[in-house]
Amino acid sequence: MNVSVRFAAVGLFALAGLVCSAVFAQTAAGAASPSTAIPVFVLNSLDDSVSVINPATWTETRRIATGKQPHHLYLTPDEKSVIVANALSDSLTFIDPKTAEVQRTVRGILDPYQLRFSPDMKWFVTAANRLNHIDIYKWDGKDITLVKRLPTGKTPSHLWIDSKSTTIYSTMQDSDELIAIDLVSQNIKWRTKTGSIPADVHGTADDRFMLVGLTGGDAVEVYDVSGAQPQRTKVIKTGAGAHAFRAFGDKRHVLVSNRVANSISKIDLQTLEVVDNYPAPGGPDCIDVSRDGKQIMVTSRWARKLTVIDVATRKIVRQVNVGKSPHGVWTLDHAPR
């Protein structure tokens, strides 16, 4: 990739990035009730806000002001709060996932671009995309306490933690690397070169393979991380600008958004092959799947919309207007992770 093309890709990536979902809340009669529907949250990164969407009517009911540049969000272990990470405000906004009421703001969290809890619920990890470090916090069930700030090199991006809560994986956007951090010693175990502009990373259930989306390319790279050093074992062609992952909910497939190709690919994690594709216009970013597996929701980054796709027909069934540069999307009522 020549310099000008790479800078253009980096520019697109910098505006991008994790978590989109919507599903209908059901009444006893089987129809969604506007008063009881669990809200869908869309992070508007360049509007410094969260759009609250009612999935019963597919309308934006209000916007919540956050800190500057909210990019990603994550549910607390007790499922009582969804945390919005405000990268440029160095803060976290806690929101009730059922009522969409702001609960509190935690300040002094330096550049929280990406965030994740460990499966054992003891650790909270953030990636500082702008300040080039990963922070490891202890979680006591309510508050977080910084334990280690680990310099990583250029532009840590997306995070994954293995099922045993022993290893953190992070892509390094501007140095084209994947790194592994030992969560016990809290030191970097290894780093390996990847393809152009690695974005999201997704692990298989057995912790053997890590999938890395290449936003500067057109594929997902597969790394065997079961040994002392990682080994790239496969390259899965998906589409230009491979970016964000979301588990399909059936314990076998994962979706990846292809930002430049305006599509979503479905990958079989057993065969490591693309088995389906869906249209997703407007620069697709974060993805999620409805609880029944019938709908895919994706933020259309450049179109300022949340796009809803019917899985069976592979057609777009609706789009909801949101704010500038919609990024992370999430609802409490989603397919299994």
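Which residue in β27 does Asp 310 stand opposite? The legends below take you there, after a word on the model.

This is a predicted model, in which local features need pLDDT of at least 70 and side-chain atom pairs count only at pLDDT 80 or more, while totals for chains, interfaces and linings use all residues. Residues are numbered from 1 along each chain as its sequence is written, and side-chain values use heavy atoms, with hydrogens and water left out.

**View 1. The whole chain has 1 helix and 28 strands.** Helices (H or I, at least four residues) and strands (E, at least two) are DSSP runs, numbered from the N terminus. Of the 337 residues, 59% count as buried, meaning under 20% relative accessible area with a 1.4 Å probe, protein chains only. The accessible surface comes to about 12900 Å², and 52% of that belongs to carbon and sulfur atoms; the areas come from the Shrake-Rupley method with a 1.4 Å probe.

**View 2. β26 and β27 form a hairpin.** Here is the answer to the opening question: Asp 310 stands opposite Lys 315. The strands β26 (residues 305-310) and β27 (residues 315-321) run antiparallel and are joined by 6 bridges; two strands pair if DSSP finds at least two bridges between them. Between the strands lie 4 residues, and Arg 314 in the turn has a positive phi of about 60°.

**View 3. β2 and β3 make a hairpin with 4 residues between the strands.** Look for Trp 58, which takes a positive phi near 55°. Antiparallel strands β2 (residues 49-54) and β3 (residues 59-65) are joined by 6 bridges, and Ser 49 has Ala 65 as its bridge partner.

**View 4. An open antiparallel sheet runs in the order β20-β21-β22-β23.** Its edge strands, β20 (242-247) and β23 (273-279), each pair on one side only. Neighbouring strands are turned by 25° against each other on average, direction ignored; the axes are lines fitted to C-alpha atoms, and angles run from 0 to 180 degrees between N-to-C directions. β20 is joined to β21 (residues 253-258) by 4 bridges, and Arg 246 stands opposite Leu 255.

**View 5. The second largest pocket is lined by 13 residues.** A pocket is an open set of points on a 1 Å grid over the protein atoms alone, where a 1.4 Å probe fits, with protein on both sides within 12 Å along at least five of seven lines; lining residues have an atom within 4 Å of a point. Thr 167, Tyr 169, Asp 207, Val 225 and Ser 226 lie nearest the pocket's centre. β13 (167-172) and β15 (187-193) each supply at least two lining residues.

Conventions:
Buried means under 20% relative accessible area, exposed over 50%, partly exposed in between (1.4 Å probe, protein chains only).
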